[in-house]
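Here's a quick briefing for anyone meeting this structure for the first time. Have a look at the model, then read on.

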Amino acid sequence: MNKFTLLNVALCFILTSCQAPKEKQKIRTLVVFFDGLRPDYITPETMPNLYAFSKSGSYGKQHHSVFPTVTRVNGSSFSSGSYPATNGIMGNSVYFPSIDKKNGLSTGDYKNLFKITEATNGQLFTAISLGEILQQQDERMMVFSSGSTGQAMMQNHTVSGGAIINPDLILPEDFKETVVQEIGAIPEDGHPDTAQHKWVTDALIQYGFAPDGPLVSSIWYSDPDGTAHSDGIGAPTSMKSVQIVDAEFGRILSFLKEKNLLPFYNIIISADHGFVTDIGKVGLTNYLIEKGLKKSKESDDVIIVGGALYIKDHDPMLMQNIVSALQAEDWVGPIFTAGKNIGDMKGSVPGTLSFESIHWNHTERSADILLTENWNDSKNEHGYAGTSFARGVAGHGGISPYEVHIPLIAAGPSFKSNTESELPTSNVDITPTILAIHNIPIPASMDGRVIKELLEGTKNQIESKKETISTSAEYPGGTYTITLQCTILGQYRYVDYAKVVRDGK
């Protein structure tokens, strides 16, 4: 061996020794929400990408929306791993008398969320969120959303070292110029919202999947909800909106596959709620005024925020009179009030169930009465079952199985393949599962559980059981009976639905 060969060997040895070993590719998580996605939309014809994904990964067939089945309740329940009783977000609109004594505040507008944060000394949530936990671990979460600014913020309300990218809100604010330069001008709203869905998907691909990207990303598509509200379930435009967001999901999968990233990404799919056809004619405010139970639209004796009624001075006689009147109305469904004692499943007003029975018993922010419209199993003209006596064309927010029952699909290195589970799950379980996947401690305050039955290397040794709670009250001419069905899994209780029956005397 000549001196040049020896020199080359030595040089190679030195260079090889000085090179740092390649860092192992980090496992990351992507959460995808399709707003208003019913399980029966997931077919090979309508959603070929999501349908194929559901067959290859794990499918939780008994997944639950959190009641009230509205967007921002479920956005906050996902990000905090807890119910409204814990996180303090009680509805799509919320009541903070220190801000406005006579009106609710829409949580769809991020400006209102800033107002609440200021008024509560930083306690928009009364629970810790995923973004905050990740920041404590020197990790980040990025949120991509084509929906409302409030919905985007609910997923990471403190931003916590990450970012929010939404057509109407980009945080941190100094990030906006970069996003527009690199992703393109923000498109206008559409119907369906095709351009904005594509824009936020482009942003996810650019920033969420970057080599130095966040540990957790979420993307929330505002359709089919946005289109179905105005056009109805099964309408051509509504079904087109489903196909459009499925195509964007397909684009995500194609990118990850092309870049050989699929083995390093856990992907969790959910929705915030299902959908029903609306046929109602009666408005709650006008009804109470006509019955002499509220003085006027501007009066502060009863403040109506969605289905929540805040009664001045918690007047027990007025509360009883309102409940009794509502129990006699066919369009009114389940009614809830506070229990007399902790642990009570029945409310303090006869014929009502407790806030605790539905995980709505927040110590400071619960109303005096919570109600939702009645529902039935009738099908609409397109063959989709589930009808509500709420006003409008189609919507959600109630406690029917058509609004509560939503899909949960997961695939990736941490999840089982070709698996279906009949065990109950909920949107509050997503964040505890993400934390477990990444070996991050789960706060004891979280209400959700780790979905172990879908994770690789685990065996299911727990069985669930059904539980029903019923209570009745008489009204002139009949009896009002409310029945709540839950699924119990160990210490966890999942609300399946509540149903009202009126029996005439």
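The protein exposes about 21,600 Å², and carbon and sulfur atoms supply 51% of that area. (Accessible areas come from the Shrake-Rupley method with a 1.4 Å probe; for residues, only the protein chains shown count as cover.) Bear in mind that this is a predicted model, where local features need pLDDT of at least 70 and side-chain atom pairs count only at pLDDT 80 or more, while totals for chains, interfaces and linings use all residues. Residues are numbered from 1 along each chain as its sequence is written, and side-chain values use heavy atoms, with hydrogens and water left out.

**The whole protein**

- There are 15 helices and 23 strands in the protein; helices (H or I, at least four residues) and strands (E, at least two) are DSSP runs, numbered from the N terminus.
- The radius of gyration is 25 Å, close to the 23 Å that the globule rule gives for 505 residues, so the protein is as compact as a globular protein of that length. (This radius is taken over C-alpha atoms, and the globule rule is 2.2 Å times the number of residues to the power 0.38.)
- Along its principal axes, the C-alpha trace spans about 110 × 45 × 45 Å.
- Of the 505 residues, 56% are buried; buried means under 20% relative accessible area, exposed means over 50%, and partly exposed is in between (1.4 Å probe, protein chains only).
- Take the contacts with a separation of 6 or more: residues 24 or more positions apart account for 68% of them. (Contact means heavy atoms within 4.5 Å.)
- The protein carries 41 positive and 55 negative charges, and their mean positions are 3 Å apart. Lys and Arg count as positive and Asp and Glu as negative, with His and the chain ends not counted; the place of a charge is taken as NZ of Lys, CZ of Arg, CG of Asp or CD of Glu.

- Helix 3 covers residues 71–80, and ten of its ten residues are buried, so it is largely enclosed by the rest of the structure. Among those buried residues are R72, N74 and F78.
- Just after helix 3 comes G81, with a positive phi of about 65°.
- Helix 11 runs over residues 236–258, and at 1.5 Å a residue its 23 residues should span 33 Å; the end C-alpha atoms are 33 Å apart, which agrees. (The expected span is 1.5 Å times one less than the number of residues.)
- N260 follows helix 11 and has a positive phi, near 60°.

**Cis peptide bonds**

- F67 and P68 are joined by a cis peptide bond, with omega about -5°. You'll find P68 in the loop between strand 2 (58–64) and helix 3.
- D223 and P224 are also joined by a cis peptide bond, with omega about 15°. P224 sits in the loop between strand 8 (216–221) and helix 10 (225–231).

**Asparagines with positive phi**

- N418 isn't a glycine, yet its phi is positive, near 50°. Its place is the loop between strand 19 (405–411) and strand 20 (419–426), and at 62% relative accessibility N418 counts as exposed.
- N439 isn't a glycine either, and its phi is positive at about 55°. This residue is in the loop between helix 15 (430–437) and strand 21 (465–475), and with 72% relative accessibility N439 counts as exposed.

**Loop residues and what they touch**

For the contacts below, residues up to four places away in sequence are left aside.

- H157 lies in the loop between helix 7 (149–154) and strand 6 (163–166). At 11% relative accessibility H157 counts as buried, and its contacts are L124, F125, S129 and E132.
- P443 is in the loop between helix 15 and strand 21. With 23% relative accessibility, P443 counts as partly exposed, and it touches I128, I133 and L435.
- P443 and G208 are 235 residues apart in sequence, and their C-alpha atoms are 25 Å apart in space.
- F355 belongs to the loop between strand 14 (353–354) and strand 15 (369–373), and it is buried, with a relative accessible area of 3%.
- The contacts of F355 include F336, W360, N361 and L370. F355 and F336 are 19 residues apart in sequence and 5.9 Å apart in space, C-alpha to C-alpha.
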